[in-house]
Each structure stands twice: as structure tokens, then as C-alpha cells.
Amino acid sequence: MDMKQITFLTDFGTKGGYVAQMKGVVCSITDARIVDISHEVSPQNVREGAFLLWTTAPFFPMGTIHVAVVDPGVGTERKGLIITTKKQILVGPDNGILLPTAHLLGDFVVYEITNPKYMIHPLSRTFHGRDIFAPVAAYIARGVPFGEIGTQTTHFVNMQFPLGENRGDRIVGKILYIDRFGNLLTNIPYDILPGDFAQKKISLLSGDRRWDSVPFVASYGYAKQGELLLTVGSNHFLEISMNQGNAAESLGLQPDAEIQLLIS
Amino acid sequence: MDMKQITFLTDFGTKGGYVAQMKGVVCSITDARIVDISHEVSPQNVREGAFLLWTTAPFFPMGTIHVAVVDPGVGTERKGLIITTKKQILVGPDNGILLPTAHLLGDFVVYEITNPKYMIHPLSRTFHGRDIFAPVAAYIARGVPFGEIGTQTTHFVNMQFPLGENRGDRIVGKILYIDRFGNLLTNIPYDILPGDFAQKKISLLSGDRRWDSVPFVASYGYAKQGELLLTVGSNHFLEISMNQGNAAESLGLQPDAEIQLLIS
Amino acid sequence: MDMKQITFLTDFGTKGGYVAQMKGVVCSITDARIVDISHEVSPQNVREGAFLLWTTAPFFPMGTIHVAVVDPGVGTERKGLIITTKKQILVGPDNGILLPTAHLLGDFVVYEITNPKYMIHPLSRTFHGRDIFAPVAAYIARGVPFGEIGTQTTHFVNMQFPLGENRGDRIVGKILYIDRFGNLLTNIPYDILPGDFAQKKISLLSGDRRWDSVPFVASYGYAKQGELLLTVGSNHFLEISMNQGNAAESLGLQPDAEIQLLIS
């Protein structure tokens with residue numbers, strides 16, 4: 001277990017050579033194990049990238065270096081950041097993508113990347129993932145001190161995911177993400193649900209639409225085929241799903257939609 | 001050549017963070033090399049997953065640990081399995097996905113995963129790939145004995161792929177899989193084809209449809225552009241193809257379709 | 001930094017098991033680190049594969065072995081090649097896919113793969129990526145001499161990417177590739193642009209279509225949202241882009257389209 005991990009999270013897709021160019025840079029500097037988180041973040045959707053890092057990073061070991069590059073501001077004056085936390089290290093642009101994970105991992109310190117010695121030259125204006133973030137991550141894996149690569153800063157773009165709330169007769173929250181199966185992942189943590197939630201009659205509201213008698217079940221397989229259901233998803237947040245169906249398509253809800261669960 | 005391999009085969013897609021969460025768990029336990037088989041199995045298509053494992057596992061070295069997670073029954077009472085074979089180890093849900101490969105690799109013994117010590121806690125109800133199968137595979141790579149992780153069982157869901165047959169005047173079989181190029185992979189092994197097959201006049205029948213004079217050639221490039229052809233595919237089974245075209249679209253055949261080859 | 005890298009570039013897609021079969025073969029022979037360049041080359045588009053290898057290989061370290069398999073002629077008499085260069089080693093079919101990269105890396109020597117000892121048996125007619133190119137790359141990683149695997153040859157299919165030209169009042173070139181964001185990558189190297197290019201009035205012409213007053217900017221973010229722009233892309237070639245938009249869709253241009261930039 002001596003191996004270091006460097007992960008990559010981008011919106012570059014895997015059709016072109018961009019991801020491989022970043023990995024080539026890493027391979028030129030360190031033997032660390034390279035792991036993909038995703039390269040299919042919706043183009044320039046910083047919030048979606050932030051969500052994926054926030055839900056995935058905790059499963060990686062101490063010392064893992066995560067490189068997250070969803071970067072609509074590349075080539076402008078936005079900074080590049082290293083964020084150290086209690087457990088892992090985050091590298092990416094200063095647009096908020098790293099911050100929910102930094103808050104979650106705790107005790108974080110932010111550095112602005114400043115030392116051109118740890119960048120690839122000629123430095124492109126449009127691909128800092130390859131020319132700055134990948135080599136910086138690789139040099140960190142080799143043990144170069146953070147203070148040698150950048151300078152500590154308290155100015156950075158912040159981002160946090162607000163959590164849903166239990167208001168007694170209702171639980172309010174929002175959709176954070178839709179997965180491949182059409183499951184709607186909410187910001188409602190399972191531990192704010194009432195203890196007798198499974199025995200309650202639950203109505204789901206969003207905007208002026210309403211779905212009544214939605215069962216809260218232990219897993220998809222406990223609902224009827226095609227039935228709308230609530231369950232605790234694998235991230236330990238409440239999920240709106242459909243057994244062997246696509247809840248997102250069926251309900252027509254999008255990320256960021258506000259939802260309410262009426263309890264009676 | 002001291003390195004262990006852990007492979008992953010799922011229907012999770014690579015857009016979300018599910019696959020990376022499993023890899024994060026593996027990285028937390030072992031330095032084994034991680035290899036993807038596919039994450040694009042059609043959602044919940046256990047049979048397609050079983051086919052991919054069956055055709056791919058034999059190319060991996062002795063001692064490889066394959067994790068296959070196409071798991072519509074996750075969170076219900078279906079068991080989790082470790083299957084040891086003469087050469088490699090299989091880990092996944094008890095729904096048949098591992099079984100064609102177990103039969104192929106031979107001398108297999110089935111264990112039900114029972115020891116919570118080798119699972120991730122809190123244990124989700126919807127993602128045993130991450131919370132049970134990934135850590136179990138990683139602990140196996142570290143040398144934890146099978147009997148410590150689970151208990152031997154003879155009760156499990158079986159699955160085998162029946163092979164096509166040579167009935168003299170005709171060969172009968174079925175479509176098992178359609179690949180990216182539209183090649184139709186059959187269950188007809190090349191060694192049941194008559195020695196003079198390439199000299200014969202062959203008609204392909206499926207349902208009430210019929211295609212006459214289909215040439216049997218050594219490779220796609222030996223047929224005319226756009227011509228329907230038969231060839232021995234890379235898995236050493238008979239394949240229905242079209243040189244620089246898409247045979248599946250052109251013929252309108254689906255996996256599991258019965259076919260006959262009339263020989264005259 | 002003792003680790004060897006083997007990269008894979010194919011048009012196989014990642015849905016089926018073909019890529020994993022190649023990796024299984026490599027894992028059976030060597031502990032080298034395996035890196036994907038892309039498996040989403042447009043089916044049988046040798047030129048697109050050649051472009052991706054040409055732009056990606058230079059970022060990998062000395063000694064990397066690149067396996068590129070876009071292979072419409074598989075199973076016919078086309079040769080299999082190893083190309084050694086000053087820095088890296090290329091393995092793939094003799095259809096030109098390796099040659100632009102060989103010219104770029106320099107001092108190249110071509111070997112025809114001839115020794116069946118380094119192939120997988122039974123040798124398929126349709127999948128030399130798995131049965132010839134993957135094991136050959138893995139044996140090279142293990143140090144088997146080139147002359148033991150093949151024989152030197154001066155007969156091979158050549159390919160080079162012609163570069164754009166500065167003709168004073170205009171720059172002529174062509175589109176080589178369209179990336180995921182719809183950026184049009186040209187063959188016009190940034191160092192043939194006039195020093196005062198950013199101050200000039202530029203018109204883009206292709207066929208009988210014309211777009212006037214296209215700004216040349218340092219990065220996407222310096223143009224207005226949805227505005228057509230010229231910039232130096234990450235490969236240090238001129239790129240036609242649209243800030244937060246899709247230039248390729250908007251302009252309707254395809255790879256290989258001839259373009260002219262009128263300067264006034």
C-alpha cells in the first residue's frame with residue numbers, strides 16, 4: 001500500500017486525446033496509479049463536476065491527489081489552486097469545483113499555483129489541465145512541498161451544497177444530480193428522515209406538480225415494476241427512483257429543481 | 001509479473017461517480033492493477049454482462065479477480081458470491097452473471113459472501129458493487145482466504161450459453177451479441193463448421209426471412225464493400241458481418257434471435 | 001520512474017470486451033502501466049486515429065510503447081509494424097496510422113512483425129490488436145529485441161499531415177479535427193501567424209462561405225458569449241472556436257475542409 005493515486009475528473013470526454021495528454025504528463029513525472037473519476041461531466045458544468053468529486057473523493061485513501069478540470073474560464077485571469085485537507089489533496093481551477101469536497105474533507109488550506117517550474121512549456125492558454133494541473137499533481141505525488149509550487153491564499157471562489165431540511169410536516173430539498181438510470185439524487189441526508197418514515201403516507205411536490213402515495217422502500221427491488229419510489233441512495237441521501245424505470249424522464253424533473261415531501 | 005489484476009464489469013456507465021467509488025475502495029485496500037472490462041452493459045442486462053465476462057476473462061492471467069456487477073436485485077435477499085476456478089476468481093451477485101465464465105474456467109467452487117468485516121460501512125442497500133464486491137475483491141488480492149470472507153454453498157443461480165449445432169444439411173444456433181460495428185456474434189463454434197464450408201452455397205434463415213448466397217470468408221476485407229458475409233470472429237465463433245457496413249442494422253436481427261444456415 | 005507505459009488507441013469503443021481482451025493479454029506478459037488514448041476513433045477512420053496519436057504521443061515519456069489499431073484491412077495481406085523512433089515505440093497495422101507520429105518523433109526505423117512466437121494462438125483473422133499488436137507491445141516492454149520480433153523493412157504505407165501556409169495577404173490551411181466542444185483544429189501552426197495578427201481584420205473563408213471580423217484572442221474567455229473566434233489551441237495550432245458555443249455545428253464545417261484567412 002505504498003502506491004499514490006492521482007484521479008482525474010473533467011468534461012473533456014474520452015473521444016479526443018485531451019485526457020491522455022494529461023496522463024502522459026503524469027506518467028512523465030511519477031509512477032502513481034492513475035484513476036478516472038469521470039470525463040463526461042456536462043460541458044462546462046462546474047456544479048456537476050463539484051457534485052461528482054464531493055460524492056466520490058471520500059472513497060479514496062489518505063494522500064490521494066484529485067485533479068478536477070471543468071474550466072470555462074481557462075486562459076483568463078482565474079487562478080489555479082492546490083487545496084490540502086486533512087486526508088487528500090485537490091488540484092484545479094479557482095471556480096468552486098474543489099470547494100464542496102474541501103469543506104467535506106475538512107481542515108483545508110488553499111494555495112494559488114504560482115511557480116512556472118512545475119508547469120509544462122510552452123504553456124497553452126486553453127489547456128491548463130495538461131500544462132498546469134496534471135504536472136502539479138504529479139510533482140505533489142513525488143513529494144514537492146506545496147509552498148514550493150504555490151503561495152497560500154484566502155481568496156478563492158467558494159461553493160457548498162446546502163442540505164435539505166426536516167420541517168416536521170414536510171421535508172424540503174432539491175435535486176442535485178440525475179444518474180445514468182434516471183435516479184434523482186437529492187440533498188436530503190437519510191439521518192433527517194423521521195424514524196417511522198416508511199409507515200407514513202408521502203406526497204412528492206415540485207412546482208405545481210404533485211405525486212401522491214410514494215412508498216419509501218429499502219431498495220429498488222421492493223417496489224413494483226415501474227412504480228415511483230423513495231429510497232436511501234448509495235451516497236446515503238434520499239433518492240427518487242423507479243423500479244426498472246427512469247424516474248427523471250417520467251417526472252420531468254431537472255437538477256436544481258426544488259422538491260417537498262409532505263408527510264401524513 | 002508479481003502484480004495482481006482486479007477487473008470491473010458493470011452497467012453503471014462512466015458518466016457518474018459509481019465506478020470511481022468502487023476503484024477508490026480498491027485503492028484503499030490494495031495496490032493491484034485495476035482494469036475495466038466494460039461499464040456500458042445495457043442497464044440490468046445480466047445476460048449481456050455474462051457474455052462479456054465469458055469472452056474476455058480467458059485473456060487475463062492466472063489469479064486475476066473479476067468483479068461483475070449487473071445487479072437488478074441489489075438490496076433484496078439475493079446473495080453475493082465469490083467463485084474460485086482453476087485459474088481466476090469471480091466476484092458478484094448471485095444472478096447467473098458469473099456462471100458461464102465459471103463453467104468455462106473449470107473446477108469451480110462457490111462461496112456466499114457473509115463476513116461483514118470485509119464490507120464497507122455504513123452498508124448501502126443499493127450499491128453492493130462498492131460496499132461488498134469491490135472490497136471483497138481487494139481483500140482477496142491481499143490474500144485473505146475465501147473461507148474467511150464467506151461460506152461454501154451449492155445453491156446459486158446457474159447460467160450457461162448453449163452452443164450451436166451442426167445437423168448435416170444445416171447449422172442451427174442463435175445470436176449472442178452485437179458488437180459496436182454491427183457484427184452479429186453467434187453461438188456457433190468454428191470447429192463444428194464442415195471442412196469445405198467456404199466452397200458451399202450458404203443461405204441464412206431467421207424467422208421467415210432468408211438471405212441467399214452468403215459467402216464464408218477468412219476476414220471482412222475479402223468480401224465486397226457492403227456485402228453480407230460469414231466469418232470466424234475473434235472469439236472463434238461464427239460471425240455474421242458486412243464489409244464496411246453494419247450487418248445488425250441491415251438484417252434487423254437482435255440478440256437471442258434463432259438462426260439457421262442451410263448448406264447446399 | 002522505472003515504470004514502462006503501454007498506450008492503446010483504437011476504434012473499438014468501450015462497450016464490448018475487445019479493449020479489455022487486449023489489456024488482458026498485456027497483463028499476462030508485463031506489469032507495464034496501461035493508459036488509454038482513445039477507443040472512440042470514428043470506425044475505420046485511420047486518418048483520425050493518426051491525428052490523435054500525432055497530437056498525444058509527444059506528452060508521454062521516453063520509452064512509451066503506443067499501440068494504435070484502426071484496421072479496416074485486418075486479416076488481409078497488410079503487414080503489422082513496429083516503428084522505433086528517437087524516443088518512443090509505435091506498434092500497429094501498416095496503413096499509415098503510425099507514420100505522422102514517426103515523422104514527428106524522428107529517426108524512425110520500421111520493422112515488419114514476423115515472429116509467430118510473439119503472437120497469441122489460435123491467431124484470429126479479425127483481431128490482430130489482441131493477437132499480434134498487444135502481445136508484441138508487451139514483449140517489447142519486457143525487453144525483447146525488435147530484430148527478434150520482426151525484420152527491418154523500407155516498404156510501408158506513408159502518411160504525413162501537411163501544414164498550413166502564410167501567403168502574406170492570406171493564410172491557407174485545412175481542418176484536421178473537431179473536438180468534443182466543437183472546436184475546429186486546423187493545420188496552421190501558431191508560429192507562422194504574423195506578429196500583429198491580433199490587430200488585423202480577419203475574414204474566414206471556406207468554399208463559397210465567408211465570415212468577417214473574426215477576432216483572434218488569447219483564449220475562449222476573451223470573446224463574447226456565442227462569438228466566433230480564432231485562438232491558438234492547446235496543440236499550438238490555430239483553432240476556430242466559439243465561446244461557450246459549438247463552432248463546428250454553427251459553421252457546418254467538416255474535417256478536411258479547406259479554409260482561408262484573409263488578413264487586412
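Reader: Which residue has the backbone oxygen that lies 3.2 Å from a polar atom of the side chain of A:T55?

Author: This is a predicted model, in which local features need pLDDT of at least 70, side-chain atom pairs count only at pLDDT 80 or more, and totals for chains, interfaces and linings use all residues. Side-chain values use heavy atoms without hydrogens or water, residues are numbered from 1 along each chain as its sequence is written, and chains are lettered from A in the order in which they are written. A:T55 is found in helix 2 of chain A (helices are DSSP runs of H or I, at least four residues, and strands runs of E, at least two, numbered from the N terminus). The backbone oxygen at 3.2 Å from a polar atom of its side chain belongs to A:L52.

Reader: Is A:T55 buried or exposed?

Author: Buried means under 20% relative accessible area, exposed over 50%, and partly exposed in between, with a 1.4 Å probe and protein chains only. A:T55 has a relative accessible area of 10%, so the residue is buried.

Reader: Which residue of chain B does A:T55 touch?

Author: Contact means heavy atoms within 4.5 Å. Not counting residues up to four places away in sequence, A:T55 touches A:N235 and, in chain B, B:Q21.

Reader: Which side chains meet in a salt bridge between chain A and chain B?

Author: A salt bridge is a side-chain nitrogen of Lys or Arg within 4 Å of a carboxyl oxygen of Asp or Glu. Across the interface of chain A and chain B the rule finds 1. With 3.2 Å from N to O, the pair is A:E48 and B:K15.

Reader: Which element gives the largest share of the side of chain A that touches chain B?

Author: Elements giving two or more residues to that side are strand 2 (33-38), helix 2 (46-56) and strand 13 (228-232) of chain A. The largest share is 5 residues, and it comes from strand 2.

Reader: What rotation superposes chain A on chain B?

Author: Two copies of a chain are related by a rotation about an axis and a shift along it. Copies are superposed by least squares on the C-alpha atoms of residues with pLDDT of at least 70 in both. Here the shift is 0.0 Å and the RMSD 0.0 Å, with a rotation of 120°. That is the relation of a three-fold axis.

Reader: Why do the copies meet through different surfaces?

Author: The contact takes 36 residues from chain A and 35 residues from chain B. The surfaces differ because the share of interface residues of chain A that are also interface residues in chain B is only 6%.

Technical notes: Polar contact = N/O pair within 3.5 Å; in protein donor to acceptor, adjacent residues only side chain to side chain.
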